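Me: I have a model open and want to know what stands behind the words used to describe it. Please take the overall form before the details.

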Amino acid sequence: MDLQLQDKVVLVTGGSKGIGEGIVRSFLAEGARVANVNRSTAEGQAMEVEYAAKGQDCFFIQGDLSDTEVCRNAVEATVEKFGRLDVLVNNAGVNDGVSLDAGPDEFVESLRRNLVHYYALVHYARHELQKATGSIINIGSKVSVTGQGGTSAYAAAKGGINALTREWAVDFAASGVRVNTVMPAETWTPLYENWLNTMPDPEGTKRKIEQFIPLGRRFTTTAEIADMVVFLASPRSSHTTGQIIFVDGGYTHLDRKFTAEM
Ligand code: NAP
């Protein structure tokens, strides 16, 4: 299937590692031109060099998105470099365990890490996306619908992203800009591995979690998330908007009894 993404301009947040890196690489494989805004520097710069050697653009912008000026700059730098913006992928985030005990100040700080930059980027990118009849894809989390315990702020941020997916789909419908969210549950990434390493028995915990994933009893790969993102960004999904799509091997919704008996 030709996804018709050749030469489209895509801005991905947190594109240097994990799910974001998978998304960046999938868009590049489709011939898109990509800008990646990321806090750490080394991986993003290395990807820029790697793709330049193949004649492709993987433009790296360094910045911490919890500062909304970085969000503004990321949009402006992308448009300055490529002259347009077709797709925005809001991906950067961290399950930072800001709990009920943490208090209001930490709660607000966490929303800056996980929610406010999603809004800020859409705010700054809205006119370019409308000009291009573009598309927005948010990366959410199953925590928004299941809870997890001990992570109030992340749950609130991800719940907010679900709500904004519907809200923005309405805002942009008249201009043809589509807005969708992809929901990972258990995807193998540096973030996930770091979290597991805080457990007393990381390997044992990993095996236990895998037993609850109906499809293949394994973690979702970053490429599997990225494939859905790329499809949702493409004109091939031209009548899909306001949707929250779980790419999780059935982890969130399938009958627990079935998983236990498999
Ligand atoms: P990851 O492996 O930690 O990668 C996240 C990337 O985003 C890193 O490159 C990180 O930069 C960057 N980033 C994070 N916060 C940033 C900020 N404030 N400013 C700029 N860059 C920032 O995480 P992941 O597992 O791929 O998660 C990506 C998204 O998927 C997140 O929204 C997460 O909530 C969601 N998610 C993941 C899972 C899962 O199973 N992995 C499940 C549900 C939802 P640094 O290099 O500086 O750290």
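Reply: This is a predicted model. For 262 residues, a compact globule would have a radius of gyration near 18 Å, and the protein chain has 18 Å, so the two agree. Along the principal axes, the C-alpha atoms fill a box of roughly 50 × 45 × 40 Å.

Me: What makes up the protein chain in helices and strands?

Reply: The protein chain has 10 helices and 7 strands. Of its contacts with a separation of 6 or more, 73% are between residues 24 or more positions apart.

Me: How much of the protein chain counts as buried, and what is its accessible surface?

Reply: Buried residues are 48% of the 262; the word applies under 20% relative accessible area. The accessible surface is about 12300 Å², with 52% of it belonging to carbon and sulfur atoms.

Me: Why is S141 called buried?

Reply: S141 has a relative accessible area of 6%. The cut-off for buried is under 20%, so S141 is buried. S141 lies in the loop between β5 and α5 (143–146).

Me: Which residues does S141 touch, leaving out those up to four places away in sequence?

Reply: S141 touches Y154, K158, M183 and P184. A contact here needs heavy atoms within 4.5 Å.

Me: What makes strand β4 covered on both faces?

Reply: In β4 (residues 87–90), V87 and V89 are on one side, L88 and N90 on the other, and all are buried.

Me: How do you know which strands pair with β4?

Reply: Pairing requires at least two bridges between two strands. Strand β1 (residues 9–13) is joined to β4 by 3 bridges, and β5 (residues 135–139) is joined to β4 by 4 bridges, so both meet the requirement. β1 and β4 run parallel, and β4 and β5 also run parallel.

Me: Which residues of helix α8 are buried, and what do they pack against?

Reply: In α8 (residues 202–210), the buried residues are G204, K206, I209 and E210. The buried residues of α8 pack against α7 (190–196).

Me: How many charged side chains are there, and how far apart are the centres of the two sets?

Reply: The protein chain has 25 positive and 32 negative side chains. The centres of these sets lie 4 Å apart.

Notes: Residues are numbered from 1 along each chain as its sequence is written. This is a predicted model: local features need pLDDT of at least 70, side-chain atom pairs count only at pLDDT 80 or more; totals for chains, interfaces and linings use all residues. Side-chain values use heavy atoms; hydrogens and water are left out. Buried means under 20% relative accessible area, exposed over 50%, partly exposed in between (1.4 Å probe, protein chains only). Helices (H or I, at least four residues) and strands (E, at least two) are DSSP runs, numbered from the N terminus. The radius of gyration is taken over C-alpha atoms; the globule rule is 2.2 Å times the number of residues to the power 0.38. Accessible areas come from the Shrake-Rupley method with a 1.4 Å probe; for residues, only the protein chains shown count as cover. Lys and Arg count as positive and Asp and Glu as negative; His and the chain ends are not counted. The place of a charge is taken as NZ of Lys, CZ of Arg, CG of Asp or CD of Glu.
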